[in-house]
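Work through the two exercises below with the sequence and the model open beside you. Each task is followed by a solution that goes step by step.

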Amino acid sequence: MVQTSLFAIVTLALASSFQVIADQQPFLNVQKTKDPLKRVHKILKHSPLIDTHNDLPMELAFVYNGKINNMNLTHLNWGHTDISRLREGQVSGVFWSIYYDCEDTSSNQVLKAMESIDVTKRMINLYPETFQLATSTKEFRKAFKKGRIASMMGIEGGQMIDNSLAALRLFYDLGVRYMTLTHNCHTAWAEACCDPQPPSFTKGLGLTEFGKKIVLEMNRIGMMVDISHVAHATMHAVLDVTEAPVLFSHSSSDAICPLERNVPDSVLKRLDETDGVVMVNFYNNFVQCDPTKEVTVVDVANHVEHIASIAGKHRVGLGADYNGVEKVPVGLEDVSKYPNLIAELARRGWTDEELSGLAGENLLRVWKKVEKVSKRLAKSHQLPAEDRIEDFA
């Protein structure tokens, strides 16, 4: 009787162990699939696909003036994004971009950000069976488990906080989880990649002392510091001061397409310092610097592979810039086409785990670490920064 019970216990324990191993290695059967695209579709059934930069809110807020109540977002005959195409592409998470033209200095940038946040949240609420607002990695996982498209927000351009740490904190309270320090215009505290005018401070400095305060306050509250669009000097300046991992929400490789907008190898080599991820951009002009050449999914895959060769395959993801650019590569025409890029990497020998990282897990790792830094700083009773830009004049 004792022997029988012991045998049953051992058998049950072994069965449980094998189940744990199976749960921890969901790719074992997937990797045997020969067709790369079928393999990717299987991976994306249990691994999230996240794009960290989609400009649909810009069009909804400022082209259509926020009038979305009677708009059919399931099927749109314009742009790169609608619900049907998101589902076809097996998209499980999107960071919707909160953007307004930084060159329009006559407009109230804070108000424009509010209008974009408003239209994004109303879009989510209009389609509750499709979208779910997520303001943490935990909320993201819950939305993914329910089969909803987790919807996050990122501010594209530090001019939108109007040099105010109070505005930064309130945008966080509204759900914003990253801020791109600049768009194409310098701010009073950070140098942009592509502004033809010199910054108001010494060119090549990257960040002023107030800019450093902004980065540290973002670390404190748990907002990802996005260094797409900034000058190379700013990328280095951020890496010199940040306590949390950094994000490139939609950037490509400077080594392949030499532009100040793209990420140089010297920066990629520093991502180990705090961790970080480069979400690769699909915009033709950032992917292929020769305008006479056709741009295809292969070219984008080359950027992914180069970044991975320098920084590691755990430091790449997807930041397409859909609805914010006029030209996209052949094979990546809209949000339904992400699997084509992942399949191209599969053809190049990437494992299922590596493809899962590219699709979304690399981004989630960085986001989770940003949350942990914020919790650590909270435990040390670090108070909100009260600095004002005029304090540094």
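**Exercise 1.** Sort the lining of the largest cavity by residue class.

*Solution.* The lining comprises seven nonpolar, one polar and one charged residues, where Ala, Val, Leu, Ile, Met, Phe, Trp, Tyr, Cys and Pro count as nonpolar, Asp, Glu, Lys and Arg as charged, and the others, Gly among them, as polar.

The model is a predicted one, in which local features need pLDDT of at least 70 and side-chain atom pairs count only at pLDDT 80 or more, while totals for chains, interfaces and linings use all residues. Residues are numbered from 1 along each chain as its sequence is written, and side-chain values use heavy atoms, with hydrogens and water left out.

**Exercise 2.** Decide why strand β2 (residues 93-99) is described as largely enclosed by the rest of the structure.

*Solution.* Begin with the burial of the strand: seven of its seven residues are buried, so β2 is largely enclosed, buried meaning under 20% relative accessible area with a 1.4 Å probe and protein chains only. Finally, turn to the neighbouring strands in the pairing: β1 (residues 50-54) runs parallel to β2 and is joined to it by three bridges, with Asp-51 partnering Val-94. Strand β4 (residues 149-156) also pairs with β2 in the parallel sense, over seven bridges, and there Met-152 stands opposite Phe-95. Strands are DSSP runs (E, at least two residues), numbered from the N terminus, and two of them pair if DSSP finds at least two bridges between them.

Terms used
Buried means under 20% relative accessible area, exposed over 50%, partly exposed in between (1.4 Å probe, protein chains only). Helices (H or I, at least four residues) and strands (E, at least two) are DSSP runs, numbered from the N terminus.
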